[in-house]
Amino acid sequence: MKISVKSFQTGRLLFHFARRKSCLIRQPIRYFQSALLRGQPQKFGLKIRAKVVSKFLKGSAMTDPAIEEVIAPLQKSVKEQGDIVRKLKEAKAPENDVKVAITELKARKKKLEDKILAMTKELEGEMIDRAKLEDLLKQKFFYDMSFSIYGGVAGLYDFGPMGCAMKANLLQVWRNHFVLEDQMLEVDCSILTPEMVLKASGHVDKFADYMVKDLKTGECFRADHLIEAYFEKVLADKKANVDLKKEIQILLPRVDGMSKDDMQETIRKYNMKAPVTGNDLSDPHEFNLIFLRPETAQGIFVNFKRLLDFNQGKLPFAGAQIGTAFRNEISPRSGLIRVREFQMAEIEHFCDPKDKSHPKFDAIKDVSVPLYSACAQMDGQLPQAWTFGDAVEKDLIANQTLAYFMCRIYLFLLKIGIDKTKFRFRQHMSNEMAHYACDCWDAEMKTTYGWVECVGCADRSCYDLSCHTKSTGIRLVAEKKLPEPISFLLNLCF
């Protein structure tokens, strides 16, 4: 009997100090810890209005009638567009029409989120001056750009003594919280991965972006990032034409959904040049983001049979791995958030597809967490507090196992010091769902970069094992003993 697989990915451990409020190193940085990582901005950034911040952190800011009055028209606009998208899908409209409608929906959503972020930022005040903070961290050698004496390499970073200590402690807390407490099976697999493995998993075909080149120097840029940077520069230019700014304000939210031809047309229309040299650019072309291993999960999948045997052939069980992964980022940015080499900690949980209950679900069902569902996003609503029990009962979260791991992720993040007032789980909308997922939630945190995904939790069903089975001919399945034999009537023809 073939048993499908239920798996979850805990995502990257991105050690970005501006987004964490705790430190797992106790000595000798007490002042740094209390001044920054515990949310007391002494001597860092601009002065803040402490009373207003305190009020906001208690969750009362978004209940202010004045704020609700400002965002209400934007919420209505999002809902109207969300209804249009639903009707197009129900009517099975042409794919291009649906894409255009979704692009407009994303633009309206972004406008709403930007407004909310701006208003909450105004209420909070500037708690962190990111540039000064990063300079301090580099000065104290928490981390710095790799090969800095040679000018550095974008997207690669070295951790110093304090950064290493923090990283090691954080990983140990992760191992204790997940691997030991839930008795997971930990593995440590090779970083080098044959192309056939990534081809089977879909990474080679699915994970690609568009790149443009400086025609004289050969320097490469991600086309969408280059277009966004150009648009943002024009919007910030006080001398720019007003009509041009209005046109760009409409186009900017749509960059993520642009096709190759759309990007080429946009670059030519606005005569965009290479940012540093001002040289002409090539036309956009596909560039795969994968080299070496893009995730540690595939090592768990290809060892499924060995892990199943180790677990005496029984489901459910979970495999876990901590290791280095790589992405060939064309133009790394945002500090430690978009890098070419990073540490990952992943979990893949395997269970019977006909029984996605979890034995520990009752222990976490009353935990409350902000959930930003796909429907809420399409209706222009804000995240709402749900208990995991209610969310599963109302089919907001697909099943108990998915909810259990979401709760465990939430409790882990609280344990390492995340501010729960700046946390939410956001459900992927259908147009952004990963190729392997049938339901997916991101643990997001509000940072100086806005809302940033920190952890992904996805129901991957049996996608990965099925792909590797098809590619190798080896059945990556589990069997279970049935209570009664099943009889089959076979008609043989000779």
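Helix 9 and helix 10 cross in a left-handed way. Keep in mind as you look at them that this is a predicted model. Two packed helices are described by the angle between their axes and the distance between the axes. Here helix 9 covers residues 223-236 and helix 10 covers residues 242-251, with an angle of about 145 degrees and axes 10 Å apart. If you want to find the place where they touch, look for Phe231, Val234 and Leu235 on helix 9, and for Leu244, Lys245, Ile248, Gln249 and Leu251 on helix 10.

Now let's turn to the inside of the protein. In soluble globular proteins, nonpolar side chains tend to be buried together. The largest nonpolar core in this model has 40 residues, and the ones with the most contacts inside it are Trp174, Leu371, Phe388, Ile397, Met406, Leu413 and Phe425. Helix 17, residues 400-415, is the biggest giver to this core, with ten residues. Apart from it there is another core, of 19 residues, which includes Val212, Phe231, Ala240 and Ala274.

Setting aside its neighbours within four places in sequence, Leu371 is in contact with Pro383, Gln384, Trp386, Ala391, Leu396, Ile397, Met406, Phe425 and Trp441.

Three strands form an open sheet in the order 3-7-8, and the pairing is mixed. Strand 3 (185-186) and strand 8 (341-350) are at the edges with a single partner strand each, so one side of each has no neighbour in the sheet. Strand 7, residues 317-326, runs antiparallel to strand 8, and ten bridges join the two. One thing to pick out by eye is Phe326, whose bridge partner in strand 8 is Glu341. Pro316 sits in the loop between helix 13 and strand 7.

Strand 8 turns up again around helix 18. Which residues of helix 18 (463-472) are buried? They are Asp464, Leu465, Cys467, His468 and Thr469. Their cover includes helix 7 (195-201), helix 12 (297-302), helix 13 (304-310) and strand 8. After helix 18 comes Gly473, with a positive phi near 80 degrees.

Cys457 belongs to strand 13, residues 450-459. Is Cys457 buried or exposed? With a relative accessible area of 1%, Cys457 is buried. Although Cys457 and Glu346 are 111 residues apart in sequence, their C-alpha atoms are 9.9 Å apart in space.

A couple of loops deserve a look too. Asn271 is not a glycine, yet its phi is positive, about 50 degrees. You'll find Asn271 in the loop between helix 11 (260-269) and strand 6 (285-288). Asp395 is not a glycine either, and has a positive phi of about 65 degrees. Asp395 lies in the loop between helix 16 (388-393) and helix 17, and at 62% relative accessibility it counts as exposed.

Finally, a word on confidence. The protein has an average pLDDT of 81, and 82% of the residues score at least 70. Over residues 1-61, however, the pLDDT is below 50, although this stretch has 191 contacts in the model beyond near neighbours in sequence. Where pLDDT is low, the predicted coordinates should not be read in detail.

Technical notes. Residues numbered from 1 in each chain as written. Heavy atoms only, no water. Core = buried A, V, L, I, M, F, W, Y, C linked by side-chain atoms within 4.5 Å. Buried < 20%, exposed > 50% of the residue type's maximum accessible area, 1.4 Å probe, protein only. Helix = DSSP H or I, 4+ residues; strand = E, 2+ residues; numbered from the N terminus. Contact = heavy atoms within 4.5 Å. pLDDT = per-residue confidence, 0-100. Pairing = 2+ DSSP bridges. Axes fitted to C-alpha atoms, helices over the stretch in contact; angles between N-to-C directions. Left-handed = near helix turned anticlockwise from the far one by under 90°.
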